[in-house]
Amino acid sequence: MAEGTLGNSNSVQVAKKTSKLAIVSKFRELGLLAFIILLCVAVQARNPSFLTMENINDMITNTAILSILALGMMLVLITRGIDLSIGATLALSGMIAAQTVSANQGLHPILAILLGTIIGIVCGIVIGFLVSKFGILPIIATLAMMNIFRGLTFTVSDGQWISSYQMPESFVSIATSKILGINTLIVIAVVIYLIAFYFINHTRTGRQIYAVGSNPDSAKVSGISQTKILMLVYTIMGGLAGLSGVLWVSKFASAQGDTASGYELTVIAACILGGVSIAGGSGKLSGVILGSLLLGLLNNALPLLNVSPFWQMAIQGSIILIAVIINTLVKRGVVRNNLLRRKI
Amino acid sequence: MEQRVVNQNEYVQRTLTNKQEFSLKKFFLQWEWLLILVFLLVLAINTHLSPYFLNGAGLRDATMIFLDKAFIVFPMVMIMILRDIDISVGSTVALSSVVMATLYNNLGVPMEAAIIICLLVGALCGLINGLLIIKFKELSAVIVTLGTMILYRGLAYVILEDQASGNFPEWFSFFGWGHVAGIPFILLVFVLFAIGFTLLLHKTTFGRQIFAMGNNPTASRFSGVQVDKIKIIVFVLAGLMAAITAIFLASRMGSTRPNIATNYELDVIAMVALGGISTAGGKGRMLGAIIAIFIIGYLQYGLGLINIASQTMLVIIGILLIVSVVIPKLNLKGIFSRFVKKRNTN
C-alpha cells in the first residue's frame, strides 16, 4: 500500500491536465451495460439463434449461480481478502447433499439446500477463523483449504460420481421448477440480492465491512472489530458457496469430485469486471450483477460463434488482466483529478 | 517509570553489543533444527509403516520424482521474502513445456533449440508478471499472477488442445532419468542450484537488498535500492526455474500435456512456508526451504508407498501448509519461557 501512494504522489508533479479516464468511473455501470448490449447485437448479427427467448432464459439461469457466488466474493474482496476455496467448498457441499438425498429419497429439497448451506458455513467459519484469529494471509489460507476441501470431497465420495438416476425427482427439479413463471434459480438469486442490498447499504454491520476494507486502521480506532467482520465475511462466502453447491448439483444432475474446479477464478473475474477493487473498500452490487451477466453472456456466446472451447481459458485470463489494468488506470485518473482540485 | 529505565538499559546494551554473541541456546532454537527433527520423524514413521521405504535405490528414485518442483522453490523463497507471491508458476511450467514439445514435434525445430526456447518462454512469462507488478503498483502480486495463471494455462490449451505431445529424442530422457557416477543427474543440478541460490540470497548485495525490500520497501527505495529492477529479476528467475522444471518434468514423463503441473503452486508455497520463510516478508533462510523440500518430498513418497490416495495427500499438504504458517504466530517463545519459569518456581 505504501508503494501505491508513493507512485501517486510522484505523478502529481508530472500531471498538468485532468485525466479523462476518471469520467469512466462515474459511468462504469452504464458503460458495462452498453458493452453488454453491443456484444449482444454483434453476436446476434453473427448467429440469429442468440436472442431467442429460450436462449436468454438459459443464459440467465446459468448466470444465477455465478452471481450468487460473485456476491459473496465481493464482500471478501472489499475486506482486502480473496477466497480461492469456493470451488472446492461448492463441490464438497454438493457432494454431501447429493449423497444424502440419494440415500434418503424422501428428503424434502429445502432440507437438502439447508444441509448444503450449513456445510458451506462450516467451511467458511474455518477459513474465517484462520484469517481473522491467526492473521494468515487470505491467499495462503484459502489455497490450503481449497486443497483440503477438494481432497475431502474425493474422500467422501470415494472417487465415485453421483448421477441423475440416483437422485430423487424432487431434488433435480429444484433447478428446473418455476416460481411464478420464473426459474427457481433466478428467484433464489434475486431474493439473495435483495437481502444483500438491504444488508450492505442499510445496516451498520454492512457499512462496517466497507470501513474495514477501505482503512483497517481507522476502522479499528472507531471501535469496529476487524476479527468479527472478517469472520462474518468468510462465513457468508462459505454459506453462499454451500448453497450454490446444492443448486449446481441439482442443475447439472451430477456430483463429481472435480465439480467446479477452477470456478473460483470465473467468480473473481466477474467481480473484477464489475469494478470491485482488489485493494479493498469499494464494490457495488449493480457492478457485480453486470459483471456476472457479461461473463455468462461470453460463456454462452463463444460456442455460438464457433470459438473453440480451448480458447475460453485464455480469453478469461486476458479479460481478468485487462479489467484489472483498466480499473487501476481509472482509479489513478480519479486520484489525479482529486489532487489537482485540491491544489487550486 | 521503573519499566522505562529497564527498557533504556536494555536498549543501551543492545546497541553496545553490536556483534551478536554466539549463544548455544539461540543456536539450537532455530527453525532449521526443528525441521531436521521433523525430517527424521518423517523418515522414522515411513520406515515403521513400510518395510520398503529404507532402500537405497527406492529413496534415490523418489528423489528424482519430487525434485522437479523443487527448482521453483528457490526463486519462490525470494518472492515471499519480498512480501509477494507467484501462483502462476504451475501454468508457466505447462506453457513452456507445451511450447517446447510443439516446436520439436510439429514445427521440426531441433530439440536443443526447443529447449532454449522453452527457457526463454519461461523467462518471458516471469518478465510479464514482473512488468505488470512494477507498472501497476496498486495491484498486488496475488491478482496479477492469478490472471497470468489462467492466461498461461489457457495458452497451453490453445496450443495443444487436449492432446499429449511426446516422441522426444532418446537423449532427452537423460534429464529425468540419467545418472552421473551413480548419482541422479537431477540431484546434481539441484545441488548446484541450491548452492548458487543460497549464496545469492545470503552472501551478495543483491540478496541483502531483497531482505531490505521485504522489511521495508519504502525505506529501501529511499536508500537507493533499485526496487523495480530487483523485483523484475526475481520474477524472471521464477519463470526461468519453472521452465527448468518443465524440461525435467517433460523428460521424466516422456510427454507433455496442457494440464501438467497443476497444484504445483500449492506444493511450492507449502515447501517455502514450512521452510520458515515468513509470509509477512523480510525473514527466512534458503536452508530451511531446502530441508522442507525433502520433508514434503519424502512424506509424499512414504504415503504413496502405503497406498494413500493422491487426493488424501492434498489434504495432508494443505494441513501442513496451514500448521507451518500458524506455528510462528503462536508466540512459542512466550509459551516456552512460561513453562521454564513454572519449573523453576517449583
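Of the 346 residues of chain B, 45% count as buried (20 or more other C-beta atoms within 10 Å of a residue's own; 12 or fewer is exposed, in between is partly exposed; C-beta atoms are placed from the backbone). This is a predicted model, in which local features need pLDDT of at least 70 and side-chain atom pairs count only at pLDDT 80 or more, while totals for chains, interfaces and linings use all residues. Residues are numbered from 1 along each chain as its sequence is written, and chains are lettered from A and ligands numbered from 1 in the order in which they are written.

Chain B has 16 helices and two strands (DSSP runs numbered from the N terminus: H or I of at least four residues, E of at least two). When the contacts of chain B between residues at least 6 apart in sequence are considered, 78% join residues at least 24 apart (a contact has C-beta atoms, placed from the backbone, within 7 Å).

Chain A can be described in the same terms. Chain A contains 15 helices and two strands. Of its 344 residues, 47% count as buried. Residues 24 or more positions apart make up 81% of the contacts in chain A with a separation of 6 or more. Along the principal axes, the C-alpha atoms of chain A fill a box of roughly 70 × 55 × 35 Å.

The next topic is where the chains touch. The contact takes 41 residues from chain A and 38 residues from chain B. On the side of chain B that touches chain A, the elements giving two or more residues are helix H7 (141–160), helix H11 (217–222), helix H13 (264–274) and helix H15 (310–326) of chain B. Among these, H7(B) gives the most, with 12 residues. By class, this side of chain B has 23 nonpolar, 10 polar and five charged residues (nonpolar: Ala, Val, Leu, Ile, Met, Phe, Trp, Tyr, Cys, Pro; charged: Asp, Glu, Lys, Arg; polar: the others, Gly among them).

The loop between H7 and helix H8 (174–177) of chain B holds Gly166(B). Gly166(B) counts as partly exposed because it has 13 C-beta neighbours inside 10 Å. Apart from its neighbours within four places in sequence, Gly166(B) is in contact with Gly254(B) and Ser255(B).

Within chain B, the axes of helix H4 (residues 56–81) and helix H14 (residues 286–305) come within 9 Å and cross at roughly 150°. H4(B) is therefore roughly antiparallel to H14(B) (over 145 degrees; under 35 is roughly parallel, 65 to 115 roughly perpendicular, the rest oblique). From H4(B), the residues that meet H14(B) are Ala62(B), Phe66(B), Ala70(B), Val73(B) and Val77(B). Their partners in H14(B) include Met286(B), Ala289(B) and Ile293(B). The residues of this contact divide into 10 nonpolar, two polar and no charged.

In chain A, the axes of helix H13 (residues 263–273) and helix H14 (residues 285–304) come within 7 Å and cross at roughly 125°. H13(A) and H14(A) are therefore oblique to each other. H13(A) contributes Thr266(A), Ala269(A), Ala270(A), Cys271(A) and Leu273(A) to the contact, and H14(A) contributes Val288(A), Gly291(A), Ser292(A), Leu294(A) and Leu295(A). Seven nonpolar, three polar and no charged residues take part in the contact of H13(A) with H14(A).

Note on methods
Contact = placed C-beta atoms within 7 Å. Axes fitted to C-alpha atoms, helices over the stretch in contact; angles between N-to-C directions.
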